[in-house]
Every structure is written in structure tokens, then in C-alpha cells.
Amino acid sequence: MKNQNTNPILGICQLCLKVGELCNSHIIPEFLYKKLYNKNHQMMGINGRFRKGWKPVQIGEREHLLCESCEQHLANKIESAFKAMWVEANPLPDPWPSTEHIAQIKVDYPLFKLFHLSVLFRAGVSTRPQFNCVRLGSHEEKLREMLLELNPGKQNDYQIFGYAVIDPKTNRIRKLIAGADQKKFDGLRWYRFIYGGVWWWISASSHANLNMAPITLRENGTMVIRWFDWSNIPIIQKASALLRNSKV
Ligand SMILES: [Zn+2]
């Protein structure tokens with residue numbers, strides 16, 4: 001599939017802050033969309049802002065954000081590792097054994113964490129409407145430095161947890177991609193994304209919520225993933241409502 005905008009664009013790279021030619025970067029890396037296509041022969045992006053709610057995705061949402069060197073930095077140092085440990089290793093059970101089942105996963109903490117922070121950072125600097133709600137404030141600069149230095153921070157920095165996105169009729173994981181929404185929960189601001197079969201919650205607050213520690217990613221690489229009915233996820237409900245209300 002051809003990138004629609006092939007003209008080079010000169011601008012400030014959002015990661016290294018140098019002026020240069022910018023790549024048409026992915027917000028959520030394209031390999032997560034490719035997996036959708038190859039496995040299910042369908043690619044579905046969800047975006048409540050579109051009239052129909054559903055929008056077939058041919059290529060990951062892109063924007064001119066990063067220079068070639070930073071694009072390669074993220075791709076080679078972070079994204080390839082996440083692809084291997086999440087997409088290729090496929091650690092989640094599918095179908096999910098039961099609604100009560102809790103999957104215990106073990107990942108490479110630094111690279112797994114940095115991957116999610118890279119999505120959060122790109123969503124924060126993006127001007128695409130799907131990511132409008134992501135306003136990182138002072139965290140943008142912190143995340144920028146962490147990504148450049150490949151520093152994942154402590155487990156209570158930018159806490160992260162996730163739910164498997166499950167179709168309750170089949171208990172199969174729904175492979176969807178959705179733009180971000182945000183929720184203030186128990187004193188923290190959480191940004192939520194759907195990719196890789198999981199509804200990820202990532203906090204961007206100046207303090208941690210230690211009550212959440214048992215379910216968030218730990219520095220030893222362990223994390224629990226729980227079942228969640230995909231039709232109860234707000235961004236999916238919003239998209240479904242728009243779909244029902246439009247004359248398709
Ligand atoms: Zn750069």
C-alpha cells in the first residue's frame with residue numbers, strides 16, 4: 001500500500017528536537033495493523049470521531065513527527081523487541097479460558113514498558129483527532145528523554161496495566177486498534193489505547209497509585225492481564241453508537 005504523502009517535509013523532530021526531514025511516522029506501529037490483516041483478513045480501526053464510527057484501516061495512522069534517525073532508534077531498539085515478545089510470541093491464551101481467568105505474563109520490562117511509552121509519547125505530540133485527548137504537559141519532555149535514553153523508569157513511573165479485549169460470545173481476543181481516550185481514576189489520569197489484543201491503561205501523573213501496584217507491570221517483567229468484554233469498552237461503545245445512528 002502506498003503512502004499517500006511521499007513528499008519530504010522539513011520540520012522539528014519531536015524526539016531529538018533537531019530540524020530535519022521528517023518521516024511519515026506511525027502513532028501505533030504498523031506491524032500491529034499488519035498482524036490484524038494477516039490473521040483475520042480484516043483490518044478495523046475504531047474511531048468515534050468518524051461519522052460511521054468504523055473505519056477500515058489500510059495503513060497505521062501516520063504523521064510527520066520524527067526524523068529518520070529517531071524513527072530508526074524507536075524501530076530498532078524498542079518496536080522490534082515488542083513485536084518479538086508480544087506479537088510473535090503471542091503470550092495470551094486465545095480463546096480465553098474463562099471470564100475469571102487471569103493471564104500471568106512475563107516480559108522484558110525495559111523494552112516492553114518503553115514500547116507503550118513510545119505510543120503514549122507519539123499520541124501526545126500527534127495532532128491527529130484520534131489522539132486529541134492525550135495532553136501530556138510536563139510529561140512530554142520526561143517521556144522524550146526516557147525514550148532517547150532508553151530509560152523505562154521505575155514500575156511506579158507511568159504505571160501500566162491491561163485487559164484482554166474479548167468477544168464474550170466466543171471468548172476470542174478481538175484484534176482491534178483504537179485511538180486514545182482518557183479517564184481520571186482513583187486520583188490518576190490514565191490514557192487508554194487498544195492494540196495487540198489488549199486495552200492498555202497507561203498513567204501520566206506526577207505520582208503513583210500504590211493500590212494499583214498488584215495489577216500493573218512490575219520491574220521483574222511480570223504482569224497480569226484480565227478478561228474484559230470488548231462491547232463494554234467506552235471507545236468501542238461510542239463507535240458502535242455512531243455506527244447504529246448512521247445510515248450504513
Ligand atoms: Zn530526531
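Cysteine 70 is buried, with a relative accessible area of 4%. The model that shows this residue is predicted. Cysteine 13 is buried as well, at a relative accessible area of 0%. Both residues fall under the 20% cut-off for burial.

The protein donors of the zinc ion are Cys13 (SG), Cys16 (SG), Cys67 (SG) and Cys70 (SG). These donors lie 2.3 Å from the zinc ion. The angles subtended by the four donor atoms run from 104 to 116 degrees. The arrangement is therefore tetrahedral, because four donors count as such if all angles lie between 85 and 135 degrees. For four tetrahedral donors, the ideal angle at a metal is 109.5 degrees.

Along the sequence, the donor residues follow the spacing C-x2-C-x50-C-x2-C. Cysteine 13 sits in the loop between strand S1 (9-12) and strand S2 (19-26). Cysteine 70 sits in helix H2 (residues 68-88). The pair therefore ties together parts that are 57 residues apart in sequence.

Five helices and twelve strands form the secondary structure. The protein exposes about 11900 Å². Carbon and sulfur atoms supply 50% of that area.

Key:
Residues numbered from 1 in each chain as written. Predicted model: local features only at pLDDT ≥ 70, side-chain atom pairs only at ≥ 80, totals over all residues. Heavy atoms only, no water. Donors = N, O, S within 2.8 Å, 3.2 Å for Na, K, Ca; no water. Tetrahedral: all angles 85-135°; square planar, octahedral: opposite > 155°, others 65-115°. Helix = DSSP H or I, 4+ residues; strand = E, 2+ residues; numbered from the N terminus. Buried < 20%, exposed > 50% of the residue type's maximum accessible area, 1.4 Å probe, protein only. Areas by Shrake-Rupley, 256 points an atom, 1.4 Å probe, with all protein chains shown as cover.
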